Amino acid sequence: MRYLVPGDTIGIVSPASQVKREVFDQFRLLAGSLGFKVKVFGEFDSPFGRLAADDCTRAGHLSAAFADEEVAAIICARGGYGSGRVLEHLPRSSFKDKILVGYSDITALMLHLQAQHGMITFHGPMAIDLVQKGNNDTLRWFLETLSGTRLSYVLGHEDYSIVRAGCASGPIYGGNLSVLEAHIGTESMVVPEGIILLLEDVGEFMYSLDRSLVHIRRAGLLDRASGVVISDLRLKDGEGSDNSLGMLLNDVLQYHFGAFHGPVVYGLPCGHTERQMTLPIGAHALLEVGRENMKISFESFWENENSQCIAA
């Protein structure tokens, strides 16, 4: 996989829900201002319910974007729902190893590409996030990571809360908790040993979060994990204990992870947050969690290392 350079073409695909056409126009303007060209796959498709197109058509656009020699990176337009429906329509042959960015419902696609094709993908902002949220940190992290200059993040204590401090190393694995849970037991999940498990979600009730954590624990994911990083979850009833479970979030996390053998942090700016880190899923990482800061750094996975790589 090679990193992105100015002049490259970014492909936009919609494997899940439909996005308004104005998002494509806004992304063209943003990408153009940064020195990139844009090619949209399926811009004029007819929607299939609330999905961007029927399943076979969406799968075809995704395959075409990977096969297109002009396209250096693929950014998903948005999440929503529908990525899991395209998986059975994707070819069994190997995909060309190129950048793919998404999160939320796109977790289904990212898990599948990692399991079936050994690909590194990127848990990061989608086209709709980049043009509608307009957060400077998000855009900077996105560009630095995809240009090969960022191989680590250092966050201050204001950006995370600790369940357990410590160090861990292993491949980053995971994404959206609800989608991850839904694919347990399928061919789209092959969980490596020693993973740093990434979990994010939004809009769930406390009882639903607890049920999902029970499920992934019983399914053995924590047995294969060396560390856990959890986003700012943005729960429907996450403030106080007067919620659907009658427990504080910190108590729920202590119950599930208090006896875990490695570092566990939550509240990170990734996924459904205003500031969004771009993280390479499948890359080998080192996680160091202390009281003052936490650092997550990655082994270089690029075809050629970038001599302009920043320290943090």
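1. In strand β9 (residues 195–200), I195, L197 and L199 point one way while I196, L198 and E200 point the other way, and all are buried, where buried means under 20% relative accessible area, exposed over 50% and partly exposed in between (1.4 Å probe, protein chains only). Strands (E, at least two residues) and helices (H or I, at least four) are DSSP runs numbered from the N terminus. This is a predicted model, in which local features need pLDDT of at least 70 and side-chain atom pairs count only at pLDDT 80 or more, whereas totals for chains, interfaces and linings use all residues. Residues are numbered from 1 along each chain as its sequence is written, and side-chain values use heavy atoms, with hydrogens and water left out.

2. Strand β8 (residues 166–176) pairs with β9 in the parallel sense over 5 bridges, pairing being defined as at least two DSSP bridges between two strands, and N176 has E200 as its bridge partner in β9. On β10 (residues 225–231), which also pairs with β9 in the parallel sense over 5 bridges, V228 is the bridge partner of L197.

3. A search of the whole structure finds 0 disulfides, a disulfide being a pair of cysteine sulfur atoms within 2.5 Å. The sulfur of C56 lies 18 Å from the closest cysteine sulfur, in C76, and is therefore too far for a bond; C56 is partly exposed, at a relative accessible area of 48%. For C270, which is buried with a relative accessible area of 0%, the closest cysteine sulfur is also in C76, at 17 Å, again too far for a bond.
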